[in-house]
Amino acid sequence: MSDTLAGRQAALRSKRVRNALRTAAFMSPWLIGFSVFFAYPLVSTVYFSFMKYDGLNPPTWRGLENWDYVFSDLPKFWPAMQNTLWLAVVMVACRVAFGLGIGLLVTRIKTGVGVFRTLFYLPYLAPPVAATLAFVFLLNPGTGPVNSLLEAVGIPAPSWFNDTAWAKPALTVLAVWGVGDLMVIFMAALLDVPQEQYEAAELDGASAWQRFRYVTLPNISPIILFAVVTGIIGAMQYYTQPIVAAKVASGVMGGSGQTFEPGYPDDSTLTLPQLVYDLGFGRFDYGAASVVSLVLFALSMAFTALLMRRRGGLIGSGD
């Protein structure tokens with residue numbers, strides 16, 4: 001009897017091991033990708049944040065000196081932090097609002113919907129560098145057609161990318177111009193809202209705003225959450241557009257003999273990703289660059305956690 005029970009237990013253990021190995025085999029592509037592209041870089045970044053390392057000499061222990069330097073003695077850190085947070089809040093909010101608004105508009109157009117959908121989506125396909133170059137020339141304070149038009153109608157023309165007060169709004173206008181990706185996502189969500197709910201609300205005497213508030217928003221709230229979270233992650237990685245705009249507006253294109261400090265004008269377009277690149281590959285201070293990278297990672301996680309916890313209060317519940 002005891003031999004039979006022991007045999008059954010051994011067979012059960014063997015089955016569990018086989019199931020565990022089978023599960024691990026199916027999960028191995030994800031486990032390898034997670035380890036190589038997330039876990040190892042994150043652990044390495046934490047390690048180098050406590051080291052003095054220039055990429056050439058062996059790293060030496062510095063303790064909290066890199067952290068103290070970044071938060072206390074690095075003059076560009078706090079402007080970069082403020083700009084990144086500004087873009088994460090204002091630019092993402094504008095993109096989501098305009099994307100939803102254009103999606104609502106296109107879904108209500110009766111004729112030529114394909115043409116309008118294409119026209120609104122095409123700017124998103126423009127390469128970031130080319131789109132930024134075009135916007136800098138369009139918004140040129142001296143010769144740009146936008147300022148010429150504003151002056152023609154008697155509106156004071158701003159300096160856009162050459163003005164600290166207007167540089168980030170100009171980047172926001174550029175981001176809103178390429179809002180076609182969100183438009184398509186919101187269009188798909190809006191077309192999926194059950195029509196019978198609109199009909200029931202209309203029979204109850206609900207106004208257009210009430211139908212939008214109590215029918216449309218609850219149904220598309222998961223899509224809004226997705227757009228906000230991915231938008232914030234994108235804002236935390238915002239690098240190409242501000243640095244290209246700053247270089248062109250300042251007249252420094254990185255040619256031979258030219259030096260360029262990111263953030264023109266007066267650090268108003270400097271973002272944390274630019275600071276990471278400048279510290280790591282411009283100054284070869286990998287310790288300080290690792291600290292800024294970890295701050296950027298913590299900000300992204302904090303924003304995402306806050307939005308996930310406050311989903312019902314921010315955009316309504318889809319349940």
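Here are some notes on the pockets of this predicted model and on one of its helices.

1. Ground rules: residues are numbered from 1 along each chain as its sequence is written, and side-chain values use heavy atoms, with hydrogens and water left out. As this is a predicted model, local features need pLDDT of at least 70 and side-chain atom pairs count only at pLDDT 80 or more, while totals for chains, interfaces and linings use all residues.

2. The largest pocket holds about 610 Å³ of space. Its 29 lining residues include Arg-95, Tyr-124, Gly-178, Tyr-238 and Gln-241, the closest to its centre. (A pocket here is an open set of points on a 1 Å grid over the protein atoms alone where a 1.4 Å probe fits, with protein on both sides within 12 Å along at least five of seven lines; lining residues have an atom within 4 Å of a point. A volume is the space filled by probe spheres set on the points, which are joined across faces, edges and corners.)

3. Who builds that lining? H10 (208-236) is among the helices that supply at least two residues each, and H10 gives the largest share, 6 residues. (Helices are DSSP runs of H or I, at least four residues, numbered from the N terminus.)

4. The second largest pocket has about 350 Å³ of space. Of its 14 lining residues, Thr-107, Arg-108, Leu-190, Gln-195 and Tyr-198 sit closest to the centre.

5. Then there's H7, mostly covered, with 8 of its 11 residues buried (under 20% relative accessible area, 1.4 Å probe, protein chains only). Among the buried ones are Lys-168 and Thr-172.

Note on methods:
Buried < 20%, exposed > 50% of the residue type's maximum accessible area, 1.4 Å probe, protein only.
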